[in-house]
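Subject: Handover of the two-chain model

Hello,

I am passing this structure on to you. Please look through it first; my notes follow below.

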Amino acid sequence: MSEPILLANIGEPDSQTLEKYRSSGGYEGLRRAISDMSPADVVEEVKKSGLRGRGGAGFPTGVKWGFVPKDSSKPRYFICNADESEPGTFKDRLLMEQDPHAVLEGIIIGSYAIGAREAFLYIRGEFADSYRAMAAAIDEAKHASLLGMKILGSSYSLEIHLFRGAGAYICGEETGLMESIEGKRGHPRLKPPFPAAVGLFGCPTNINNVETVANVPLILRKGAPWYAEIGCERNTGPKLYCLSGHVKRPGVYEAPLGVRLHDLIYEHAGGMWRQGLKLKAVIPGGSSTPVLRADESDIDMDFDSVAKAGSLLGSAGVIVMDETACMVDSLLNILKFYAHESCGQCTPCREGCNWLVKIVRSIEDGKGKSADIDLVENVAGNIMGKTICPLGDAVAMPAQSFVRKFRHEFEEHVRLKGCPLKGAH
Amino acid sequence: MISEKTQKKIESIASKLPQRAAAMLSALRLIQDEIGHVPPEEREWLAGKLGVSPAAVEAVLSFYTLFRREPEGKYTIWVCSTLPCALRGCELLMDHLRHALGIREGETSPDRRITLKRAECLGGCDRAPVVQVGEDYHDVLLDLSLGTAKVSFERVEALLEKLT
């Protein structure tokens, strides 16, 4: 296991204080950006680092920053998306609670790079500790002239607005989040126009995930070439992986992008939680990503390798299931989540989610027919790609993959008229 | 009606934002923190304060899980029931809480102290099965030293004792 970079401060006493953060080089990246570099230089440096967005899509961060127009007469806004809600994901919470200045420094550098004078940090409503830690960090930074008017004596000024969500998964979708900041329901917007052109309050807006911005100070402090050496080709940098489910030590683990999934499960997280039980399945990137069978799960955990294996790195929320897990019941659980969180705008998602829950529940309860198994795939196929935002795909992908990869379990439920694993845990 | 102090706080937030309506979520939270829920009178007041229709306030209030339109118990216990918690015994925990409190999901105890609710993923999967009470997360149980999936409820009992 390599030395942690992103988590270097975490676990240290007072890791959340400005003093501690500065003692290990904190805010040196910001100083370099503001005193030695133009905004365009900063964008270029981040492009060269190869940093790809850690929120799920893996889009190159520097390229995204470059999309924000420089000649707009409107204000430009920088948003940090801290509405971490994808089941199995809890890395951003750790960063905000224990290393809030790293997140803050990243937001300030990013705002400088796109020319924003106002930034917004939108924290999931349930994360009270994250909110408190970030609010304290903002106060400290203001007093130290790292935030507010004339940062570090330069001509650059930035104000940060702290927002708290109120319990809605869909607000993690970037345009749903903007609607929420504007004081409305979190209904995602049709794209185009993309946020870089028409975003928050109708102005050019850039939005990045917490872990993405926490990487930025490192790139500015140590340079793009240093950063690009970490990880593997086209997938550079350190990554936080969240291990949950049937492992001995659930938690957040750092490794370079491209770490083996089985190293994460068996070394970092200590293997199966109960001796003698075998691995059955892994969801590699949060509950919306296609499930992998045990025999296809020893893969490299970077954006491209996971995609090649037929799933997605997503938010790197690795949910591990041993042989006591019923795949019908597990799918039902996931479907219920998305049915609850569907915002209701698009018919395929709003209606489809509820139908999927009803059909899979009837199979789990032993009332399903053989044709119902195909019906799950059919309904999921009619949601996939037919909605305004990716929540439709997020429900269709697990539905399709669970049925395709564990069809025998669904058939067994129909044949036995019930769940053979009920009460197995 | 909410206190003058809270009214002023809401005004101060609204006046600093590019659009006043952007203070909506913060304002609803402040009102709820003071009263326990958001009553009709405050909804009307807030609509006027932020320059939106009363229907716009209703729309937001009914969309977000954490907002309450009706009074609840003094404490709400949210039991996370999404997959990572389900794999580690959240249903056993839910059953236990139902029995111990003598109420069903969504109900409030007769002494109005505790409301029991099922939560979707709380983002605390490292502490699964996790519950949230008020603003705090609690990792409750699962004694792995037993070598089986038997659940140790000691920490749940301690938590309930503190609340009841």
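**What was found**

Setting aside neighbours within four places in sequence, Leu331(A) is in contact with Val360(A), Pro398(A), Ala399(A) and Phe402(A). Please keep in mind throughout that this is a predicted model. Leu331(A) belongs to helix 13 of chain A. Is Leu331(A) buried or exposed? Leu331(A) has 27 other C-beta atoms within 10 Å, and the cut-off for a buried residue is 20 or more, so Leu331(A) counts as buried. His408(A) is 77 residues from Leu331(A) along the chain, and the C-alpha atoms of the two are separated by 14 Å.

**Where the chains meet**

Helix 13 of chain A also takes part in the contact between the chains. That contact draws 46 residues from chain A and 35 residues from chain B. On the side of chain A that touches chain B, at least two residues each come from strand 3 (159–164), helix 8 (174–181), strand 7 (238–245), strand 8 (251–256), strand 13 (317–322) and helix 13 (327–341) of chain A. Helix 13 of chain A gives the largest share of that side, with 6 residues. Sorted by class, the side of chain A that touches chain B holds 19 nonpolar, 18 polar and 9 charged residues.

**Helix 8 of chain A**

Helix 8 of chain A is largely enclosed by the rest of the structure, because 7 of its 8 residues are buried. The buried residues are Glu174(A), Thr175(A), Gly176(A), Leu177(A), Met178(A), Ser180(A) and Ile181(A). What do the buried residues of helix 8 of chain A pack against? In chain A, they pack against strand 1 (77–82), strand 2 (118–123), strand 3 and strand 4 (205–209). From chain B, helix 2 (24–35) is packed against them as well. Just after helix 8 of chain A comes Gly183(A), which has a positive phi of about 90°.

**Domains of chain A**

Chain A is split into domain 1 (18–229), domain 2 (235–322) and domain 3 (327–416). Taken over C-alpha atoms, the centres of domain 1 of chain A and domain 2 of chain A are 27 Å apart. Their contact takes 18 residues from domain 1 of chain A and 18 residues from domain 2 of chain A. On the domain 1 side of that contact, helix 5 (91–98), helix 9 (210–222) and helix 10 (224–228) of chain A each supply at least two residues. The residues on that side are 6 nonpolar, 8 polar and 4 charged.

One is with helix 9 of chain A: the two pack at an angle of about 75°, and their axes are 7 Å apart. Helix 6 of chain A and helix 9 of chain A are therefore roughly perpendicular to each other. Helix 6 of chain A contributes Ala102(A), Val103(A), Glu105(A), Gly106(A), Ile107(A), Ile109(A) and Gly110(A) to the contact, and helix 9 of chain A contributes Val210(A), Val213(A), Ala214(A), Val216(A), Pro217(A) and Leu220(A). By class, this contact has 10 nonpolar, 2 polar and 1 charged residues.

The other is with helix 3 of chain A. Helix 3 (residues 39–49) of chain A and helix 6 (residues 100–114) of chain A pack at an angle of about 120°, with axes 7 Å apart. That angle makes helix 3 of chain A oblique to helix 6 of chain A. The crossing of the two helices is left-handed. Pro39(A), Val42(A) and Val43(A) of helix 3 of chain A meet Ile109(A), Tyr112(A) and Ala113(A) of helix 6 of chain A. This contact has 6 nonpolar, no polar and no charged residues.

**Chain B**

Chain B has 7 helices and 4 strands, which follow the pattern α-α-α-α-β-α-α-β-β-β-α along the sequence. Along the principal axes, its C-alpha atoms fill a box of roughly 60 × 35 × 25 Å. Chain B has 164 residues, of which 37% count as buried. Among its contacts between residues at least 6 apart in sequence, 57% join residues at least 24 apart. The domain assignment gives domain 1 (4–63) and domain 2 (75–163) of chain B, and the C-alpha centres of these two domains lie 32 Å apart.

Regards

Technical notes:
Residues are numbered from 1 along each chain as its sequence is written. Chains are lettered from A and ligands numbered from 1 in the order in which they are written. This is a predicted model: local features need pLDDT of at least 70, side-chain atom pairs count only at pLDDT 80 or more; totals for chains, interfaces and linings use all residues. A residue is buried if 20 or more other C-beta atoms lie within 10 Å of its own, exposed if 12 or fewer, and partly exposed in between; C-beta atoms are placed from the backbone. Two residues are in contact if their C-beta atoms, placed from the backbone, lie within 7 Å. Ala, Val, Leu, Ile, Met, Phe, Trp, Tyr, Cys and Pro count as nonpolar, Asp, Glu, Lys and Arg as charged, and the others, Gly among them, as polar. Domain bounds come from an automatic or database domain assignment. Axes are lines fitted to C-alpha atoms, for helices over the stretch in contact, and angles run from 0 to 180 degrees between N-to-C directions. Angles under 35 degrees count as roughly parallel, over 145 as roughly antiparallel, 65 to 115 as roughly perpendicular and the rest as oblique. A crossing is left-handed if the near helix is turned anticlockwise from the far one by less than a right angle, and right-handed if clockwise.
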